[in-house]
Amino acid sequence: MAEGEKLVSREDVTAVAPKVDGSGLLVSLTPGSVGVLFGAVPISTDEAKPATASRGDDSSPYWGGARWNGCSTGFAISISGSRKMLSAGHCAANGDTAKDGGGQTMGKVAGDSNSYDRLYINTSSEGRIYDGGVGLGESYKRVSGSARSFVGNYVCTSGAYSGTRCGSQVKAVNQTINVGYLIYKTVRAEKLDRTNAIGNGDSGGPVYATTSDTSRVTAKGTNTAIDLSTATPCTGVPAGAGRSCAWRFWYVDVVDSLAAYGGNIVTG
């Protein structure tokens, strides 16, 4: 390992690992580099350019709170043993190709229901959601389970465009809302300090409750709509540029979505 640490400190080296047969080191170089490597053990090379995933350009297995098709990913779910990603029904239609924020294909959309504003993406997913801002202070939290929403619950949101926003309270459940068509059985919540809870681009993103373990959350739902009569300045990226945000919003209860698909929440 001492030899590997020497090599990985070089600017043209992106990764080092012992070969599985114990015969030396596998060293990854920046694509296009022509570095010459010498070491005390045999060395073989390939090319790789590792980068951390982000809300703006997540990668498989996908987490909640990242961009896809101008919306946000929700929670990893499992249907008949197969992993999917939950999101909002108005973001796409059955058979559409879902692409992440970097333009890579995630998979096909299925289970679309505009009346209950839910769908899922057939893609590899993991029981984690993004935490923190957008491109700034990003981290993650593990999903420990799911629970129905009740009036008085406190919830947080994690949008691909607004980032993590906590301090909202559930004010009503089982509401039917009219967005040009009817969406049934939504949950209404309001951010108590009247700053933005969610905005454009956060649709489908996670709504969750914190737990005594600060690294874990309980899934509550997926973002659906905002009340423009409560419009307020946006956070995140872009904060302006035509985005609208609000302190009152509605979301779909994750327990109803899981029941509709016969699925289970994926824990991390």
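A disulfide is a pair of cysteine sulfur atoms within 2.5 Å. The structure holds three disulfides, and with bonded cysteines counted along the chain they follow the pattern 1-2, 3-4, 5-6. This is a predicted model, in which local features need pLDDT of at least 70, side-chain atom pairs count only at pLDDT 80 or more, and totals for chains, interfaces and linings use all residues. Residues are numbered from 1 along each chain as its sequence is written, and side-chain values use heavy atoms, with hydrogens and water left out.

**Cysteine 71 and cysteine 91**
- The sulfur atoms of cysteine 71 and cysteine 91 lie 2.1 Å apart, and the link is left-handed, with -100° about the S-S bond.
- The pair links distant parts of the chain, 20 residues apart: cysteine 71 is in strand β6 (residues 71-72), and cysteine 91 is in the loop between β8 (82-87) and β9 (97-99). Strands (E, at least two residues) are DSSP runs, numbered from the N terminus.
- Cysteine 71 and cysteine 91 are buried; buried means under 20% relative accessible area, exposed over 50%, and partly exposed in between (1.4 Å probe, protein chains only).

**Cysteine 156 and cysteine 166**
- Cysteine 156 is joined to cysteine 166 with an S to S distance of 2.1 Å.
- The disulfide is right-handed because the torsion about its S-S bond is about 110°.
- Cysteine 156 counts as buried at 5% relative accessibility, whereas cysteine 166 is partly exposed at 36%.

**Cysteine 234 and cysteine 245**
- Cysteine 234 and cysteine 245 have their sulfur atoms 2.1 Å apart, and their link is right-handed, with 110° about the S-S bond.
- Both cysteine 234 and cysteine 245 are buried.

Methods. Helix = DSSP H or I, 4+ residues; strand = E, 2+ residues; numbered from the N terminus.
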